[in-house]
Amino acid sequence: MLSKIVRTTANQLIVFILIFGLYVIAHGQLTPGGGFQGGAVIVSGVVMLLVAFNAKELKKSLRESGLSIMESTGALIFAALAFAGIATTFFYNVLVGTPIFGHVPPTGANPGDVWTGGVVPLMNWAVGIKVVAGLSAVVLAMALFSSGEEMEE
Amino acid sequence: MDYMPLNFPFLAAALLIGIAFFIIIFKRNLIKLIMGIAMMASGVNLFLVALGYRVGGNAPIYTNVPPGPMVLPVPQALTLTSIVISVAVLALMLTMVIRIYRHTGSLDSEKSRRMKG
Amino acid sequence: MASLLAQAPILIIAIPLVAAFLTPLIGMRGDKARKALVVGSLAFTAFLVFALARDISITGIRVYTLGATAPGLTEPTGFMFPVRIILEVDGMSIFFGIIWAIVSLAAAIYSFSHIASETGQIRFFTLLLLMVAGGFGMMLTGDLFNLFVFLEIASIAGGALIGFRNRFGDTQEGAFKYIVVSAVAGLMVLLGTGILYAQYNSLNMAFLAQAIQYTTLDKIALALFLIAFAMKTGMVPLHLWFPDAYSVAPASITGMLVITSHACMYAAFRVCFTLYGGVIDGLVVGWIIIILGLLTMFVGVTMAVYQKDVMRFMSYHAISQLGYMWVGVGVGLAVLGTPALLAYGRDAMTGGIFHILNHAMYKPLLFFTGGALFYYTGTRDLAKMGGLAHKMKWTTVLYIIGTLSISGIPPLNGFSSKILIYESVFRFNPILTIVGIIVSILTLASFTKAFHSAFMGAELPEYKGGKEVPKSMIIGMVILAAGIVLITLFPSLIVSWALHPAADALIDHGAYINAVMGAVP
């Protein structure tokens, strides 16, 4: 565990990292980014906490079973969105034309409209959830591993 | 097709992949082996991104884009997927190396090979 | 039913994938629910595979476009080339799909008791289902990049499963070697894909097959693909990792790994025959494949003769048997485009493909019996076993079936495929047949020796108290043995229903292109 100054700063900074990560996920269909990138940004926050505190402390709040459920949920939401179009084809974009994310973006340069992309933004969120859970589990497992402990089963 | 002048990115990619092959074949330290694979992945990714580059191109995103040509989006999507995959592969390999180290107390591939024959 | 069948290609990949992520959620409700989920999803997938196979034999090649307004709409309106991800299923793909469906079901059932004493079973089955999805993806996709993605999914899941019993050091080493080989092979495939994309601006195999020119860059890409896939199948100069990885995995996973190496073989065939089908220099590439195949056969079996570890011994035999398939299909490739193709090339290819089917039945069966021996005795060392036939009656019978089949003893199925290879290859070059027969004799000799040391003789005192392995392991083995018996009883039916369509699908690359590109010249 590092000094109190580092820990307090980390506690404050994590909020900004979270917001930035969520922003990257939410604007995945408009700007560079998306589920994986935003998720990786959030996990970098987890790594910061891992350095500031230590693996054993963090393990108390991030349980492996919880992460595993979260990861599966993300993957299942993604698959469910893909299955939503099964009446026509798998991955068919069912939300096009509806008010939820259904706007058709103008062709060419435009200022960007968040309500576009159909199921793509929702899939970004699903991937984001999965990546946050999966990568945090990886990072945490490795930190515990190198400090000589195992994850609980 | 106009690629980038002087083909520098391709030369760099070939160099990276060549060095990576050398490392993978000749280095005995398992961590260095993993580094070699990471380098190889970077080389291939660089190759893919360089493929899609057009001189003076913008990022292939329509939000607030200035006028002009765009670079190809498909190789970038490929690169992204490949990065995600190499993250998983590298994490798995590192975990295994930690376990191997615990069992044998060594990172030398010659010493840890007990299954000859 | 009809609408289910229309979506079948993607459902075959998606159902194991969804089941894989459902496993952690449902798995907490107990053993029964998890087993039901695993078996249910795999059985339903197998049903879909068979339904699709029947449909393809009637209506021909099936394409499935992801995200389009209709599954068959490969080119969006106003475009002259495919832009979406396309699955393309022909006789060859579905043939491998059938094998994979049967073996993965048998392996999953076998695993229930084989790994019952291990921790982390939820993870085991999640990875197993992911591996199944990856394997199906490799077989059904019509897109080079997805081939790479599914190859990596299958490899990562497979690597993690090899190292599953992580309390042993050697499992970690085997898994590490496997994952290193897979990573390098995967990157080589990606590099080859990039080279092709650079020239033709597409990733779709049918489009590429139509546009390909066989320039120097194309040849480099072909070499990259072939080396990568040969490395994954353990072809001889690159086989050193193979027994290390295969012998330490849980037996059910070893059985499945055999089929993933077949899937890589499928990918190599797809690249040679379909992607480069119109332009490939068949004689050169064919001869390279034949010579390496012969080496693989010979080195594999000679290394196997003096192995003490039962799983290592079988792994070397797996290498040797893979050589037969390379030779059979290599001869087909060497005569591609010449009149000799119709005379005996097609038979040689049919023999090679038939041997894949047979190998996919008896080799997992033998690995499963090896796993049963390990389960019973706690050791893989043949010298420490003996007299096991007294207690393990089922395992003994199943081992005998597998042994007779792998050595090509008539009338078992191994004989029918080997005779098909020998006869047709003899007309191409008699030396190949002679080597094949020598290898076959060595195989029989070494398996008889292993049988003798494990099963025959007096009961050893340390194994007196044991019982036969649990039911689920026997069911898993019996599924595969039933496959062997079926093929033995109806070889000609199998040849005309499954093997000729598969061989023809490889030869006729024009049909594969037309299915996606339409009648566009």
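Reader: In chain C, what share of the contacts with a separation of 6 or more comes from residues 24 or more positions apart?
Author: It is 80% of those contacts in chain C. Two residues are in contact if their C-beta atoms, placed from the backbone, lie within 7 Å. This is a predicted model: local features need pLDDT of at least 70, side-chain atom pairs count only at pLDDT 80 or more, and totals for chains, interfaces and linings use all residues. Residues are numbered from 1 along each chain as its sequence is written, while chains are lettered from A and ligands numbered from 1 in the order in which they are written.

Reader: How many helices and strands does chain C have?
Author: Chain C has 20 helices and two strands. Both are DSSP runs, numbered from the N terminus: helices are H or I with at least four residues, strands are E with at least two.

Reader: And how much of chain C is buried?
Author: Of its 521 residues, 65% count as buried. Buried takes 20 or more other C-beta atoms within 10 Å of a residue's own, exposed 12 or fewer, and partly exposed is in between; the C-beta atoms are placed from the backbone.

Reader: New topic. How many residues does each chain give to the contact between C and B?
Author: Chain C gives 25 residues and chain B gives 27 residues.

Reader: Which helix has the largest share on the chain C side?
Author: That is α7(C), with 16 residues. Both α6 (144-162) and α7 (169-200) of chain C supply at least two residues each to the side that touches chain B.

Reader: Now helix α1 of chain B. Which of its residues are buried?
Author: Ala13(B), Ile17(B) and Ala20(B) are the buried ones. They sit on the same side of α1(B), because they cover an arc of only 60° around the axis. The arc is that of the directions from the helix axis to the C-beta atoms.

Reader: What do they pack against?
Author: The buried residues of α1(B) pack against α2 (30-51) of chain B.

Reader: And which residues are exposed on the other side of α1(B)?
Author: Phe8(B), Leu11(B), Leu15(B), Phe22(B), Ile25(B) and Phe26(B) are exposed there.

Reader: Last one. Where is Met456(C)?
Author: Met456(C) is in the loop between α17 (430-455) and α18 (471-489) of chain C.

Reader: Why does Met456(C) count as partly exposed?
Author: Because Met456(C) has 14 C-beta neighbours inside 10 Å.

Reader: What is Met456(C) in contact with?
Author: Leaving aside neighbours within four places in sequence, Met456(C) is in contact with Ala389(C) and Phe451(C).
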